[in-house]
Amino acid sequence: MKHFASICIAAGLLLVAGRAISQPALKETFKDRFLVGASLNESQFSGENPTAADLIRAQFDSISPENVMKWDSLQPLPGKFNFQTSDRYVSFGLENGMFIVGHTLVWHAQTPDWVFEGANGKPLDRDTLLKRMRDHIHAVVGRYRGKVKSWDVVNEALDGDGTLRTSPWRQVIGDDYIAKAFQFAHEADPAAELFYNDFGIEAGPKRDGALALIRKLKAAGVPITGVGIQEHVGLPWPSSRDVDEAITAFGRLGIKVAITELDIDVLPSRRQNVNADVNRSEAVDPALNPYAAGLPDDVQQALARRYAELFAVYLKHHGTVVRVTFWGVTDGDSWLNNWPIRGRTSYPMLFDRAGRPKPAFYAVLGLVRDDSQSGRERL
Ligand code: GLA
């Protein structure tokens, strides 16, 4: 009875298929450890999908924009900024007292071609691209100064071997484009937290490359707050030990760690799923879409165990790990339904397509509250 009462106190009200169901909330459960966030799409914060918004309000205390703050959304044409949708995203966060993340200022993807083009077909020069970068960052970070608390400043600057990616930013500006981006963001909002964000940096040469990059930035006095480990992972990779070691190593550099884009892909892959490059695209094959009619219980349980082992690592490092953000809310939202193969049925999140908590949700909550099992309504 006592246990049940404590759960009710922490309960959020969740509307699923027209029924009100009391659920313990992720944000309450982890509130003394770290923020728990989700990336949002427009329908979730614009009022179009109130049920999704209710679930987000009940469960999360941090939000990230899935697409609406990428360069191609904010400045599709030179100097023509479009802040309508990003303003609504920020308003949603402010209205609900959430920690608001901005994502992402400098990236090679979802950036319009004009950014890297010179006048009259001539190659672009360093100063012009630096000016474009500075203008964009000042306009965007400046607009949300004091509201967006943390920015993913540079996204995915590293290749799999840990060396710098040959992105157009690097080709035109040189290796210091990363330091410049952080400087510009810091000028625009000196109080904002500034992160370097990447996938696949949990282990191997890419982890070493990320550590070396951040060490170098810090030695040069670049205002970097932390590293975002995207954490687009599979069931087998990376091991929880890799994640543990990575967080330890980043923490030793004196920076914060945010898990920024967590999802766990249970679908079969043509190759080990260490490469979350958005541009990857593979041919459709029904054999690689085995759970279109539903997720078998053994895979459901494997997903729950995997989530629990990762959260156990985050909990161990709370203090260094300041935020854990899921890339999406329900299975239906996830980009993994269309990447790297279009039209699959994917199950990477804690909530199913109807917004109902999955066994993985309870496995994660159970790490903190032993009694999380006793008061839940079985769905
Ligand atoms: C990367 C980016 C995100 C998003 C995901 C996939 O990780 O950082 O903005 O595009 O890929 O959806």
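Select helix 10, residues 204-219, in this predicted model. Its 16 residues reach 23 Å from the first C-alpha to the last, close to the 22 Å expected at 1.5 Å a residue.

Next, colour the buried residues of helix 10: Lys206, Arg207, Gly209, Ala210, Leu211, Leu213, Ile214 and Leu217. An α-helix has 3.6 residues a turn, so residues three or four places apart point the same way. Display the partners of these buried residues as well: they pack against helix 9 (177-188), strand 7 (193-198), strand 8 (226-229) and helix 11. Then move to Gly221, which follows helix 10 and has a positive phi, near 75°.

Proceed to helix 11, residues 240-252, and select Asp244 within it. Is Asp244 buried or exposed? Asp244 counts as buried because its relative accessibility is 17%, below the 20% cut-off. Leaving aside neighbours within four places in sequence, Asp244 is in contact with Val313, Lys316 and His317.

The tour now turns to the nonpolar cores. The largest of them has 103 residues, of which Leu26, Trp151, Phe250 and Tyr314 touch the most other members. Select helix 12 (residues 297-316) to see the element that gives the most to this core, with nine residues.

Centre the view on Trp151 and show its surroundings. Not counting residues up to four places away in sequence, Trp151 touches Met69, Gly102, His103, Leu105, Val140, Val141, Tyr144, Ala192, Glu193, Leu194 and Phe195.

Finally, select Phe199, Ala276, Leu336 and Trp339, which are included in a second, separate core of six residues.

Note on methods
Residues are numbered from 1 along each chain as its sequence is written. This is a predicted model: local features need pLDDT of at least 70, side-chain atom pairs count only at pLDDT 80 or more; totals for chains, interfaces and linings use all residues. Side-chain values use heavy atoms; hydrogens and water are left out. Helices (H or I, at least four residues) and strands (E, at least two) are DSSP runs, numbered from the N terminus. Buried means under 20% relative accessible area, exposed over 50%, partly exposed in between (1.4 Å probe, protein chains only). Contact means heavy atoms within 4.5 Å. A nonpolar core is a set of buried Ala, Val, Leu, Ile, Met, Phe, Trp, Tyr and Cys residues joined through side-chain atoms within 4.5 Å. The expected span of a helix is 1.5 Å times one less than its number of residues.
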